[in-house]
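Student: I am new to this structure. Please take me through its salt bridges in detail, and through the places they connect.

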Amino acid sequence: MTGMNENPLDLLPEVLLAASAVLGLLLGAWLPRRRQWLTGALAGTACAVGIVAAAIAAAQPVETAFGASFALDTLTATSRILILGATLLVLALAMPRLYADPRETEFYVLLQLASAGALMMAGAQDLLLLAAGYLLASVPAYALAGFRKDGPGTEAALKYYVVGALLGVVMLAGITVLLAAGRVTSYPMLRTELDGAPQGLVAVGTLALLAGILFKAGAVPGHFWVPDAVQGSSAPVAAFLTTIPKIGALAAFHRLAAVPLADAGLPWAELLAVLSVASMTLGNLAAFFQQDVRRLLAYSTVSQVGYLLLPVAVVGRTDLDQEALLYYLAGYAVTNLGAFAVVCALPGARTIDDYRGLARAHPALLASLVVCLLGLVGTPPTAVFLGKLEAFSAAFDGGYAWLAVVAAVNTVASLFYYLRWIAPAFLAYADGGGPVATSRSAAVVAYGAAAGSVALGLLGGTVLDVLGGPLAR
């Protein structure tokens, strides 16, 4: 392990995204309105090259960079690929909508900066870098939520900002308390120092720190912003908010549990188990009778975080935790983005009833929607099915069999509201038609995401074999 490695190439995916954002902002100031799409193409290129760089780096030995503040391991490499891949899909959903928009460039820049923040959270191995990543992932996202400058968008941005600012301050306070308790901010050193620190001080600092992570993940009790922000923002932004920040937050959560909190002597695993149950149960109950499809997906993503917390709760108790989390994140990302791609392709269909006649009007879109929604339930052979199976297995292996049983019951219950959305699509529309698809690119993303969810599920064994590498310490 190279503790003082300061080679900027170690952070090549992050550097590419940040450089593309800065260069895109400069280009956007000079390009004519109908050429602003070039900044989006630049962003897509940065993401594609970043994925290649992350894949190459994944084959390298585990190490740390910049004074051991950034980890270069399987968790970081996989998170990079997922975040950059998801950002590419969001760009594909947004670019046709934004063509020749006066603020087209600003959208691409904000999206890249927020994604760069998620990347930093995923690889951070120092509390100060984690805080910087949190802020970078949050502030541009507030602007994205209200990007349309209409009533719902403004309300969405305001609620998102208020909750994020509050829990961000709480998180910074927690970092300060942990610094006082351990006298360091580096994860490996904190693991040693917190073992002998006052338990009360460590407990307060940890709870405050986790408040910010739970906000970014959209888990209870930091979930209050999710339904309003998702419903009020544009569909591509909603797809971003429910996917990319979660990947960075849950990767950061896993690293915190595995390194600095491993020997802290706190019952954090029991706390995470309770939060997992609360998230999946509240998300499912709230989604049962939703009519607005975006609000339904918003509560769906709250419930999905509950399942994703299962492997985090058993970190250090089983060898299945990391591969279960990373594979589930991959399956969730592609499946959730596929569902939102269908929403983007049918901008006039806001409620469940608006999807009446979809089977006749757009059978391929309906097939993609069915695959993605049933995939979110955990239906084989989709990736989320194997992801949930791995998460449940990790919970059983880690001594939390009761948690896996509760998660299984919630999974069965979630089938109800997903079927409520699918069923009207097979009914006849009033005039014999159906919802009108206006975005061919969004439809293509939906087809690709649905196919990707199935393909990832079928190749699950091969993928899981490369996700269990050691963490940098």
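Tutor: A search of the whole structure finds nine salt bridges. Here a salt bridge is a side-chain nitrogen of Lys or Arg within 4 Å of a carboxyl oxygen of Asp or Glu. Side chains of opposite charge can pair when their charged atoms come close.

Two notes before the details. The model is predicted, so local features need pLDDT of at least 70 and side-chain atom pairs count only at pLDDT 80 or more, while totals for chains, interfaces and linings use all residues. Residues are numbered from 1 along each chain as its sequence is written, and side-chain values use heavy atoms, with hydrogens and water left out.

Start with Lys159. Its partner in a salt bridge is Asp228, and the closest N and O atoms are 3.1 Å apart. This pair links distant parts of the chain: Lys159 sits in helix α6 (residues 151-182), Asp228 in helix α9 (residues 226-232), and 69 residues separate them. Helices (H or I, at least four residues) and strands (E, at least two) are DSSP runs, numbered from the N terminus. Lys159 is partly exposed, at 31% relative accessibility. The cut-offs for relative accessible area are these: buried is under 20%, exposed is over 50%, and partly exposed lies in between (1.4 Å probe, protein chains only).

Now stay with Asp228. Asp228 also forms a salt bridge with Arg295. There the closest N and O atoms are 3.3 Å apart. Arg295 belongs to helix α13 (residues 293-313) and Asp228 to helix α9, so the pair ties together parts that are 67 residues apart in sequence. Arg295 has 17% relative accessibility, so it counts as buried.

These residues belong to a network. Salt bridges link Glu155, Lys159, Asp228 and Arg295.

Next comes the pair of Glu270 and Arg317. Their side chains meet in a salt bridge, 3.9 Å from N to O. Glu270 lies in helix α12 (residues 268-287), and Arg317 in the loop between α13 and α14 (321-345), so this pair ties together parts 47 residues apart in sequence. Glu270 is partly exposed at 38% relative accessibility. Arg317 is partly exposed too, with a relative accessible area of 41%.

Pro221 lies in the loop between α8 (199-217) and α9. The peptide bond from Val220 to Pro221 is cis, with omega near 5 degrees.
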